[in-house]
Amino acid sequence: MKHSYLTFCLTLFLSFIATIASAHDFVVDGIYYNITSKTSLTASVTFKGTSYYQYSNEYTGSVTIPASVTFNGNTYS
């Protein structure tokens, strides 16, 4: 009983760490993206670190976000 409880807690903890390990799925030309749909190939702009305040100089000034971006052979809008 104790062993299975510890295994469950460890699995839950590792799953949580994996979800916060990175705030982005890919980066193209210095802009960080999250894939929002793999079926309709859409992505959204996000930040680099594990929290928005981790890197203070990510985006400054005028930033041009393209209408589409290609990553790993897929073009995301």
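These legends accompany close-up views of a predicted model.

**View 1. The whole protein, from one end to the other.** Welcome to the overall picture: the secondary structure comes to one helix and five strands. Starting at the N terminus, the elements follow the order α-β-β-β-β-β. The protein has 77 residues, and 18% of them count as buried. Its accessible surface comes to about 5900 Å², with 60% of that belonging to carbon and sulfur atoms. Among the contacts with a separation of 6 or more, 41% are made by residues 24 or more positions apart.

**View 2. An open sheet of three strands.** Here you can follow three strands in the order E1-E2-E3, with antiparallel pairing. At the edges are strand E1 (26-28) and strand E3 (42-46), each of which pairs on one side only. On average, neighbouring strands of this sheet are turned by 45° against each other, direction ignored. As a bit of background, strands of a sheet pair through backbone hydrogen bonds, in either a parallel or an antiparallel way.

**View 3. Where E2 meets E3.** Five bridges join E2 and E3, which pair in the antiparallel sense. To find your bearings, look for Ile35, which stands opposite Ala43 in E3.

**View 4. Aromatic rings together.** The structure holds three aromatic pairs. One of them is formed by Phe26 and Tyr33, whose ring centres are 5.2 Å apart and whose planes meet at 20°, so this pair is stacked; the angle for stacked planes has to be under 30 degrees. Both partners are shielded: Phe26 counts as buried because its relative accessibility is 2%, and Tyr33 counts as buried because its relative accessibility is 4%. Phe26 and Tyr33 also belong to one aromatic cluster with Phe71 and Tyr76.

View 5. Is Ser37 buried or exposed? With a relative accessibility of 17%, Ser37 counts as buried, because the limit for that label is under 20%. Ser37 lies in strand E2, which covers residues 31-37. The side chain of Ser37 makes a polar contact with the side chain of Thr39, at 3.1 Å. If you set aside its neighbours within four places in sequence, Ser37 is in contact with Thr42 and Tyr76.

Technical notes. Residues numbered from 1 in each chain as written. Predicted model: local features only at pLDDT ≥ 70, side-chain atom pairs only at ≥ 80, totals over all residues. Heavy atoms only, no water. Helix = DSSP H or I, 4+ residues; strand = E, 2+ residues; numbered from the N terminus. Buried < 20%, exposed > 50% of the residue type's maximum accessible area, 1.4 Å probe, protein only. Polar contact = N/O pair within 3.5 Å; in protein donor to acceptor, adjacent residues only side chain to side chain. Contact = heavy atoms within 4.5 Å. Phe/Tyr/Trp six-rings, centres within 6.5 Å; stacked < 30°, edge-to-face > 60°. Pairing = 2+ DSSP bridges. Axes fitted to C-alpha atoms, helices over the stretch in contact; angles between N-to-C directions. Areas by Shrake-Rupley, 256 points an atom, 1.4 Å probe, with all protein chains shown as cover.
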